Amino acid sequence: MSNISEEQANSLVQLKEWLKGQPHLPQNLDEHLLLRFAHSCYYDMDKAKTTVETFFTMRNTCSDLLTNRDPNSHHMQKILKVINLGQYVLSDNRCLWLWQINDPGLESYDYTLDAKLFFLSTDAFFLSDRHLYESDVVLMDVKDISLKFVTKMNLSVARKLAKYQEDAIPIRLKQVHVINAPSVIDKIYGVLKPFMKKENTEMIHFHSPKSETLYKYIKKEDLPEDYGGSKPSMAELTENSLELIMNNREQLLDENLWRLKKNEPSTEVGSFRKLAID
């Protein structure tokens with residue numbers, strides 16, 4: 001790899017050396033992915049190693065969300081019709097991750113397929129993107145959310161997803177903005193909150209329809225054109241995300257992608273179990 005700092009180069013050397021002593025982990029990890037782990041942990045090597053370990057352990061735990069996910073399949077096409085998503089860099093080198101449900105009656109929405117799409121789209125992003133962002137911001141448009149959403153939820157999947165998002169995914173999450181939040185959002189949030197760490201719940205900001213409170217955190221011009229900004233529309237961003245997924249389809253269909261080696265138990269299961277309880 002070229003154009004990396006001495007600190008980044010040193011972190012790669014340390015992670016590669018550490019991996020040699022972890023026979024349960026893949027040994028041929030892409031340098032960009034390893035660097036992303038180091039960067040997401042601000043180059044604290046102990047934290048980076050724990051995050052790598054958690055990443056692979058959680059992906060085994062979430063194996064049902066990482067299989068049978070061909071973007072061309074009928075069930076994945078179904079969820080792609082009602083979810084818009086994408087990501088792009090903001091003017092201050094933050095990565096904005098967008099998610100929008102577009103199903104007013106929640107007739108077609110499937111919570112487990114949505115979680116599967118989350119893994120599929122983020123995996124495609126990590127396979128393709130080579131940029132290291134100062135921080136990451138999530139923007140969720142819940143305009144079509146109603147109390148019916150609670151009946152669609154799978155609490156086992158919600159628990160796994162929260163754990164993966166909080167402790168395993170190699171990003172520097174700083175803010176989560178929930179926009180067009182209906183009055184019932186507090187009831188829905190109440191179901192999800194027990195699965196989340198306190199420091200993560202403190203990142204969440206709710207914005208009611210037609211409010212301008214979001215602009216305190218993200219410049220209006222930095223938003224998609226759907227929200228009055230100058231960035232591409234949600235439909236266009238979704239097209240871009242789907243193109244990214246299709247470009248990486250062969251790797252994404254590999255059910256061993258970023259998974260623990262078979263018949264090689266983790267050497268740090270005890271520490272991971274403690275991590276899960278904490």
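With the side chain of which residue does the side chain of H177 make a polar contact at 3.0 Å? Please describe the surroundings as well.

Modeller: The partner at 3.0 Å is H207, whose side chain makes a polar contact with that of H177. A polar contact is a pair of N or O atoms within 3.5 Å; within protein, one must be able to donate a hydrogen and the other to accept it, and residues adjacent in sequence count only if both atoms are side-chain atoms. This is a predicted model, in which local features need pLDDT of at least 70 and side-chain atom pairs count only at pLDDT 80 or more, while totals for chains, interfaces and linings use all residues. Residues are numbered from 1 along each chain as its sequence is written, and side-chain values use heavy atoms, with hydrogens and water left out.

The side chain of H177 also makes a polar contact with the side chain of Q175, at 2.7 Å. H177 has 0% relative accessibility and therefore counts as buried (under 20% relative accessible area; exposed is over 50%, partly exposed in between, with a 1.4 Å probe and protein chains only). Leaving aside residues up to four places away in sequence, H177 touches V137, V138, L139, M140, H205, H207, L214, Y217 and I218, where contact means heavy atoms within 4.5 Å.

H177 belongs to strand β4, residues 173-179. Strands (E, at least two residues) and helices (H or I, at least four) are DSSP runs, numbered from the N terminus. Five strands make up an open sheet of mixed pairing, ordered β1-β2-β3-β4-β5; two strands pair if DSSP finds at least two bridges between them. Because β1 (83-89) and β5 (204-207) stand at the edges with a single partner strand each, one side of each has no neighbour in the sheet. Neighbouring strands are turned against each other by 15 degrees on average, direction ignored. Axes are lines fitted to C-alpha atoms, for helices over the stretch in contact, and angles run from 0 to 180 degrees between N-to-C directions.

Within this sheet, β2 pairs with strand β3 (residues 135-141) in the parallel sense, over seven bridges. Q100 stands opposite D141 in β3. Helix α10 (residues 234-247) lies across β1 and β2, and runs at about 80 degrees to β1.
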